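This briefing looks at a helix pair, an aromatic pair and the surroundings of a strand residue. Please read the points below alongside the sequence and the coordinates.

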Amino acid sequence: MTYDGSAAPAALLPLLRTSVERLHASAAALTDDDVRAPSLLPGWTRAHVLTHIARSADSRTRLLTAARTGADLAQYDDEAQREREIEEGAVRPAAELAADLRGALGGFLTTAAEHPDTAWEVPVRWLGGGMRPVRGAVGSMLREVEVHHTDLGRGHRPADWPLFFVARELATTAAGLRERDDAPGMVLIADEDRVLRPVGGGRGPRVSGPATALLGWLTGRADGHGLTLDPPGPLPDVPAWRS
């Protein structure tokens, strides 16, 4: 269950393909009324969520292309471009949203599968993250697909997230919290491995439970049901999750 960070980007592609097909099945079942309805993300409809995933896939395809060809292609020009594309795309009917999603994710999967093994460490321009290796494109696309699939509010819950994804993201999320000044002091312990993951200096309660419950709570996609604290008390207030 413990993730050691050693998985190569290409090794994540089979898992990503499975996650993508599950998302496509959910998207294809949505009607025009369904996509106009609110998602689990405040202020966003399901159409916003589907458009966001599609444009996220396109943005990562640009990064892979930049790494492979040397072209000066940023993930996005700026945050305004990202927000504008989502708002403009969210007015479309369900069938068009589903087709766009399939095309964008299919394009990313093809580009990632063809990416040279020697080019995964090439630095590219991530939105808000500066120059970082393109190797993060596959893992972050998996995160976008799984978490935002849950945000559609159509029955895909943290308990349905793949175990390898949960292990990987729990490690990544705990590491990210250790870098934040607004993280509460606590120690996270997944039932599956009992590894101590201190955050906020580790001065605080031990929060234990299934890994899916921990990750669902930390990402704001679950209410913490199934988690226990030692000493007993309310769950700490965790800062907004950064994807």
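In this predicted model, helix α5 passes helix α6 in a left-handed crossing.

**Packing of α5 and α6**
- Helix α5, which covers residues 94-113, and helix α6, which covers residues 136-151, pack at an angle of about 155°, and their axes lie 11 Å apart.
- Because angles over 145 degrees count as roughly antiparallel, α5 is described as roughly antiparallel to α6.
- On the α5 side the contact is made by Leu105, Phe108 and Ala112, which meet Ala137, Val138, Met141 and Val145 of α6.
- Sorted by class, this contact of α5 with α6 holds seven nonpolar residues, with no polar and no charged residues.

**Aromatic pair**
- The ring centres of tryptophan 161 and phenylalanine 165 are 5.7 Å apart and the ring planes stand at 90°, so the pair is classed as edge-to-face.
- Tryptophan 161 and phenylalanine 165 are both buried.

**Surroundings of isoleucine 189**
- Isoleucine 189 is placed in strand β3, which spans residues 186-190, and this residue counts as buried because its relative accessibility is 2%.
- When residues up to four places away in sequence are not counted, isoleucine 189 touches Arg194, Val195, Leu196, Arg206, Val207, Ser208, Gly209 and Leu214.
- Isoleucine 189 and leucine 229 are 40 residues apart along the chain, and their C-alpha atoms are separated by 10 Å.

Note on methods
Residues are numbered from 1 along each chain as its sequence is written. This is a predicted model: local features need pLDDT of at least 70, side-chain atom pairs count only at pLDDT 80 or more; totals for chains, interfaces and linings use all residues. Side-chain values use heavy atoms; hydrogens and water are left out. Axes are lines fitted to C-alpha atoms, for helices over the stretch in contact, and angles run from 0 to 180 degrees between N-to-C directions. Helices (H or I, at least four residues) and strands (E, at least two) are DSSP runs, numbered from the N terminus. Angles under 35 degrees count as roughly parallel, over 145 as roughly antiparallel, 65 to 115 as roughly perpendicular and the rest as oblique. A crossing is left-handed if the near helix is turned anticlockwise from the far one by less than a right angle, and right-handed if clockwise. Contact means heavy atoms within 4.5 Å. Ala, Val, Leu, Ile, Met, Phe, Trp, Tyr, Cys and Pro count as nonpolar, Asp, Glu, Lys and Arg as charged, and the others, Gly among them, as polar. Rings of Phe, Tyr and Trp (its six-membered ring) pair if their centres lie within 6.5 Å; planes under 30 degrees apart count as stacked, over 60 as edge-to-face and the rest as tilted. Buried means under 20% relative accessible area, exposed over 50%, partly exposed in between (1.4 Å probe, protein chains only).
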